[in-house]
Amino acid sequence: MTIRVTLATPQHAAAVAGLLRDINAEFSAPCPPLEVFEKRFAQLIAGDQAYVVLAQDTEPTGFALITLRPSPYYAGPIATLDELYVRPALRGQGIGSRIMELAESHARTLGVGEVQINVDEVDEAARRFYERRGYSNIEAGQNYRMLCYVRPL
């Protein structure tokens, strides 16, 4: 198996939408219909406020969705890793690391000042994965954890 990891184009929207649907199914989370995801991914990928890294062989195997927003703290944007997913049967083979390598490399080319990731506290495997990559939930110079609060509108 030869996994290719590339930046997605709008033509990859259906493949990425299918992977996002699979994430939601794996975690029993509600989600919009596949065609809605596909349309939204096509728009996101075509725009300049997000990018998607796609891993695939003969079929899509994983992806990352990174959104960008301006910040007064950096000359460039802040990137948020909104999703990172690798098909369960293919985990532990370095695909997620390869996806992150390209995601971070592309962020550098865009002048991103910081990458932020929200991780569920109970998802210890994901937390270990990001910590091995140098991510922390303690801001430099501080001794307390950062938390993420959400409120659906």
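User: Thanks! In which loop does Ser28 lie?

Analyst: This is a predicted model, and in it Ser28 sits in the loop that runs between helix 1 and helix 2 (34-46). Its phi is positive, about 50°, although Ser28 is not a glycine.

User: Why is Ser28 called exposed?

Analyst: Exposed means over 50% relative accessible area. Ser28 has 68%, so the label exposed applies.

User: And what makes Thr80 buried?

Analyst: The cut-off for buried is under 20%. Thr80 comes to 14% relative accessibility, so Thr80 counts as buried. Thr80 is found in strand 4, and leaving aside residues up to four places away in sequence, Thr80 touches Leu65, Ile66, Thr67 and Gln116.

User: How are strand 3 and strand 4 joined, and do they run parallel or antiparallel?

Analyst: Strand 3 (residues 60-69) and strand 4 (residues 78-86) are antiparallel, with eight bridges joining them. Two strands pair if there are at least two bridges between them, so these eight qualify the two as partners. Within this pairing, Ala64 stands opposite Leu84 in strand 4.

User: What is the order of the strands in the whole sheet?

Analyst: The five strands form an open sheet in the order 1-2-3-4-5, with mixed pairing. Strand 1 (4-7) and strand 5 (114-117) each have a single partner strand, so they stand at the edges and one side of each has no neighbour in the sheet. From one strand to the next, the twist averages 25°.

User: Which strands does helix 1 touch?

Analyst: Helix 1 (residues 13-26) packs on the sheet and touches strand 2 (50-56), strand 3 and strand 4. The direction of helix 1 makes about 95° with that of strand 3.

User: What about Asp120: buried or exposed?

Analyst: Asp120 has a relative accessible area of 57%, which is over 50%, so Asp120 is exposed. Asp120 is placed in the loop between strand 5 and helix 4 (124-132). Asp120 and Cys148 are 28 residues apart in sequence, and their C-alpha atoms are 9.6 Å apart in space.

Key: Residues are numbered from 1 along each chain as its sequence is written. This is a predicted model: local features need pLDDT of at least 70, side-chain atom pairs count only at pLDDT 80 or more; totals for chains, interfaces and linings use all residues. Side-chain values use heavy atoms; hydrogens and water are left out. Helices (H or I, at least four residues) and strands (E, at least two) are DSSP runs, numbered from the N terminus. Axes are lines fitted to C-alpha atoms, for helices over the stretch in contact, and angles run from 0 to 180 degrees between N-to-C directions. Contact means heavy atoms within 4.5 Å. Buried means under 20% relative accessible area, exposed over 50%, partly exposed in between (1.4 Å probe, protein chains only).
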